[in-house]
Amino acid sequence: MTASADRHSLPTKATFFVCFQAVPTTLNTQYSAVGGAYAACWVVAANPEAAYTKARFFVAKSEWEVVGVETPPTEVVETSFEGREIGLIQFRTAQTKGIAIVYTCWSKDGLTEAGPMAFDEPGLFDLNAYVGSKKKLSRTGRCFHPESGDQCGEFISAHSIQRNGQLSVIAHEGHVYTLSMNVGDLKKNDGSASLVKCGIGVSSTFFGFCDKHDNELFAPIDKAFLVPTSQQVLLYAYRSVCRELFVKENALALIEGRIEALPETSALRRTFDAMHSGTSFSLEALRIHKSALDTLIDDLAHVDIEYVLFTCRQPQFVAFSGLFYPEFNFLGRTLQDLMDPECRLDLLTFCSVPTHNGWGFLFAWHKSSAPTCREFMRSLATVSHEDPRAGADAMFRMVLSNCENTAFSPVWWEQASSQQKAAVLECFNRGVDMFTPTDPAYLTYGAEDVSQWVFDGVYASHD
Ligand SMILES: [Zn+2]
């Protein structure tokens with residue numbers, strides 16, 4: 001099964017590997033049975049851009065609509081596929097035909113985000129086992145409390161956005177609208193993100209704490225309005241980080257499961273290996289941020305947390321809790337280069353919070369992330385100083401573009417105009433559309449006048 005190393009020949013043009021996630025159009029012969037597929041392409045082209053365009057064209061030609069990029073164009077040589085028979089065959093096909101594509105499909109039952117199944121070799125991937133392991137993972141409780149261990153109680157489905165005081169405030173008949181990313185909904189919406197109705201009992205939950213530690217640790221924010229004290233701010237930031245850790249750990253375990261299930265020679269191995277290293281890298285960075293916060297939780301000396309709080313007396317219509325590594329500021333200037341291996345990956349958390357007189361928009365970060373986060377907030381101050389409404393719009397679009405853990409009031413969403421809905425979804429898609437690199441100016445335009453937020457107070461931990 002091993003490739004003969006002496007037979008490799010260098011192509012005159014370069015060969016690129018690119019992998020898309022795609023859904024069949026109604027004209028596709030697989031439409032009735034298949035929910036979606038990975039389209040792994042080997043392309044001979046002059047440069048990565050040309051390879052990308054060519055691959056997309058051929059995928060579309062077979063009536064597949066691209067909804068995501070799993071692996072951006074990466075230059076490969078014959079020896080890249082040593083010992084990987086399928087990859088080697090496709091590589092050689094591309095040398096003679098200019099392109100070779102392998103589709104790996106998953107079933108129509110995309111509602112459960114079913115995993116891939118090699119279309120040509122149905123026995124290659126056990127779909128039921130994959131769906132089962134995904135469900136099991138998302139329900140496998142663990143406790144992220146710094147003192148977790150023997151004293152942990154029962155693992156619970158904890159809310160990352162408070163049920164009382166936030167979700168219940170915006171809900172209508174026990175439901176809110178949340179972002180749907182499942183394949184079935186993507187297809188209904190031409191490959192774009194959409195909002196779906198969801199019960200508040202399951203919205204924003206994760207099994208990341210035991211009941212004892214969840215109740216103990218988060219009482220100062222779950223049982224009281226935000227004052228704010230640094231302890232409360234720390235707890236909001238900590239909960240955002242723990243949820244992200246839970247999500248990322250599960251994602252990594254799933255990828256590892258897929259890799260284990262793949263035969264050694266599978267062409268998919270490259271794709272999953274790339275996904276594995278990307279996910280491991282961001283998980284490692286997140287663990288470092290979490291352990292810095294663990295230290296603060298341990299000694300209760302919460303001085304190392306910084307924040308900016310905006311308060312609002314208007315009725316709340318959206319609740320959110322998220323985090324990201326700010327790459328560009330509100331003026332479109334670069335803050336940190338996330339592709340640089342030396343990048344510190346300064347982390348910013350943000351969430352909506354219940355306050356005495358309404359609600360608040362809280363930005364919080366560990367002091368170690370201050371260089372980037374302070375500059376980020378200064379750019380917001382610049383925008384708001386010139387035009388407070390523009391500042392509020394910028395904050396709203398930042399939430400949409402960076403946070404999938406967002407819930408909308410059904411009353412607000414259902415009354416929004418079609419232009420407003422389109423503007424909201426366009427910003428959401430900036431966060432999920434992986435075709436194009438992030439536009440440095442993504443925080444400077446979009447969803448103007450949609451939120452109508454007016455903030456009446458600003459509180460900061462620093463100058
Ligand atoms: Zn615990």
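Biologist: I'm looking at strand β10: which residues are on one side, which are on the other, and are they buried or exposed?

Modeller: Here's the general idea: along a regular strand, side chains alternate between the two faces of the sheet. In this predicted model, Ile305, Tyr307, Leu309 and Thr311 are on one side of β10, while Glu306, Val308, Phe310 and Cys312 are on the other. Both faces are covered, and all of these residues are buried.

Biologist: How many residues of β10 are buried, and what does that say about the strand?

Modeller: The count is 8 of the 8 residues in β10 (residues 305-312), so the strand is largely enclosed by the rest of the structure. For the whole protein chain of 463 residues, buried residues make up 40%.

Biologist: Okay, next: which strands does β10 pair with?

Modeller: In general, the strands of a sheet pair through backbone hydrogen bonds, and they can be parallel or antiparallel. Here, β10 pairs with β13 (residues 358-366) in the antiparallel sense, over 8 bridges.

Biologist: What is the order of the strands in the open sheet?

Modeller: Read across it like this: β8-β7-β14-β11-β12-β13-β10-β15, which makes 8 strands with antiparallel pairing. β8 (194-199) and β15 each have a single partner strand, so they stand at the edges, and one side of each is left without a neighbour in the sheet. If you ignore direction, neighbouring strands are turned by 25 degrees against each other on average.

Biologist: Which strands does helix α4 touch where it packs on the sheet?

Modeller: α4 touches β7, β11 (318-324), β12 (348-355) and β14 (406-408), and its direction makes about 120 degrees with that of β11. Look for α9 too: it lies across β10, β12 and β13, running at about 145 degrees to β13.

Biologist: At what angle do the axes of α9 and α10 cross?

Modeller: Roughly 140 degrees, and the axes of α9 (residues 370-386) and α10 (residues 388-402) come within 5 Å. The two helices are therefore oblique to each other. Leu380, Val383, Ser384 and Glu386 of α9 make the contact with Pro388, Ala390, Gly391 and Ala394 of α10. Sorted by type, these residues of the contact are 5 nonpolar, 2 polar and 1 charged.

Biologist: Let's go inside. Which residues of the largest nonpolar core touch the most other members?

Modeller: As a rule, nonpolar side chains in soluble globular proteins tend to be buried together. The largest core here has 76 residues, and Val176, Tyr236, Ala237, Leu362, Ala364 and Ala407 touch the most other members. Helix α7 (residues 230-261) gives the largest share of this core, with 9 residues. There's also a second, separate core of 33 residues, which includes Cys19, Phe20, Ala45 and Ile101.

Biologist: And what does Ala407 touch?

Modeller: Leaving out residues up to four places away in sequence, its contacts include Ile161, Leu167, Ile170, Val176 and Tyr177. Contacts across the sequence can be counted for the chain as well: among those between residues at least 6 apart, 75% join residues at least 24 apart.

Biologist: Now the backbone. Where is Glu173, and is it exposed or buried?

Modeller: Glu173 is in the loop between α4 (163-170) and β7 (175-180). It has 8 C-beta neighbours inside 10 Å, so it counts as exposed. Its phi is positive, about 50 degrees, although Glu173 is not a glycine. Asp449 isn't a glycine either, and its phi is positive at about 60 degrees. You'll find Asp449 in the loop between α12 (418-432) and β15. With 13 other C-beta atoms within 10 Å, Asp449 is partly exposed.

Biologist: One last thing: which residues does a cis peptide bond join?

Modeller: Val227 and Pro228, with omega at about 5 degrees. Pro228 is in the loop between α6 (211-222) and α7.

Technical notes. Residues numbered from 1 in each chain as written. Predicted model: local features only at pLDDT ≥ 70, side-chain atom pairs only at ≥ 80, totals over all residues. Core = buried A, V, L, I, M, F, W, Y, C linked by C-beta atoms within 7 Å. Buried ≥ 20, exposed ≤ 12 C-beta atoms within 10 Å, placed from the backbone. Helix = DSSP H or I, 4+ residues; strand = E, 2+ residues; numbered from the N terminus. Contact = placed C-beta atoms within 7 Å. Axes fitted to C-alpha atoms, helices over the stretch in contact; angles between N-to-C directions. Parallel < 35°, antiparallel > 145°, perpendicular 65-115°, else oblique. Nonpolar A, V, L, I, M, F, W, Y, C, P; charged D, E, K, R; others polar. Pairing = 2+ DSSP bridges.
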